[in-house]
Amino acid sequence: MPTKNSDRLPPGQYEARGWPVLNFGRTPSVDEQTATVRVWGAVEQERRWTIAEFKALPTVTRTADFHCVTKFSVFDNEWFGVAPRTVFDEVGLQPDASHVMLHGAEGYTTNVPLSALLDDDVVFAWRRNGEDISVEHGWPLRLILPKRYAWKSCKWLTGVEVMTADRRGFWEERGYHNDADPFTEQRYSYQE
Ligand SMILES: Nc1nc2c(c(=O)[nH]1)N[C@H]1C(S)=C(S)[C@@H](COP(=O)(O)O)O[C@H]1N2
Ligand SMILES: [Mo]
């Protein structure tokens with residue numbers, strides 16, 4: 001456990017008050033009644049859940065910091081949702097599954113190694129600090145991946161594509177780093 005703020009603040013970041021909103025386009029309107037989350041690719045059994053069905057899976061609460069590449073960090077967020085491990089247990093992973101592409105409702109994509117999603121602090125979340133997240137922050141469902149810059153934390157999640165090789169997502173194709181570790185400042189693709 002870090003003992004003081006300077007230990008937990010990654011280089012180049014500052015601690016923000018509140019929780020800023022950031023997306024590349026407009027906030028999509030997602031109808032919670034009809035929206036679904038689909039998991040497909042290198043899985044044993046492809047699945048599609050309605051949002052209500054997804055939220056009925058076993059839940060977890062995890063406290064973590066949030067680091068955006070635009071340099072704000074938000075400490076001590078208590079996230080509530082479903083652990084990716086629970087979802088992968090439901091569909092079964094094929095032995096050669098290695099990476100995941102997350103898909104957002106407006107066409108956003110972002111890629112992560114499968115192992116990063118299996119970390120204990122990762123949540124498909126819909127509540128923060130005891131309240132439902134707002135539409136701007138990704139309601140009805142978003143990923144929270146605390147150990148990577150926040151562009152990997154896909155909002156308005158509609159799809160989890162399990163892959164057998166890596167493929168770059170929206171920002172990863174447009175100059176951002178493939179790995180996105182805040183503590184080693186993996187911000188831009190030219191650093192790779
Ligand atoms: N679907 C989707 N997810 C997204 C984005 C986006 O544009 N679309 N922006 C990303 C970026 S760049 C950041 S910093 C975080 C910001 O999350 P917040 O708006 O909840 O702070 O969402 C990420 N997830
Ligand atoms: Mo971002």
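The largest nonpolar core has 52 residues, and Phe54, Trp79, Leu102 and Phe124 touch the most other members. Here a nonpolar core is a set of buried Ala, Val, Leu, Ile, Met, Phe, Trp, Tyr and Cys residues joined through side-chain atoms within 4.5 Å, with buried meaning under 20% relative accessible area (1.4 Å probe, protein chains only). Bear in mind that this is a predicted model: local features need pLDDT of at least 70, side-chain atom pairs count only at pLDDT 80 or more, and totals for chains, interfaces and linings use all residues. Side-chain values use heavy atoms, leaving out hydrogens and water, and residues are numbered from 1 along each chain as its sequence is written.

Take Phe54: leaving aside residues up to four places away in sequence, Phe54 touches Val37, Trp49, Val82, Val87, Phe124 and Leu141 (contact is heavy atoms within 4.5 Å).

Now for ligand 1. Of the 20 residues around ligand 1 (a heavy atom within 4 Å), Pro20, Glu106, His137, Arg142 and Lys155 come nearest. Here are some polar contacts, meaning pairs of N or O atoms within 3.5 Å:

| Protein atom | Ligand 1 atom | Distance |
|---|---|---|
| Pro20, polar backbone | oxygen | 2.7 Å |
| Glu106, polar side-chain | nitrogen | 2.7 Å |
| Ser153, backbone N or O | nitrogen | 3.0 Å |

The protein covers 97% of the 540 Å² of accessible area that ligand 1 has on its own (Shrake-Rupley method, 1.4 Å probe).

Key. Chains are lettered from A and ligands numbered from 1 in the order in which they are written. Buried means under 20% relative accessible area, exposed over 50%, partly exposed in between (1.4 Å probe, protein chains only). A polar contact is a pair of N or O atoms within 3.5 Å; within protein, one must be able to donate a hydrogen and the other to accept it, and residues adjacent in sequence count only if both atoms are side-chain atoms.
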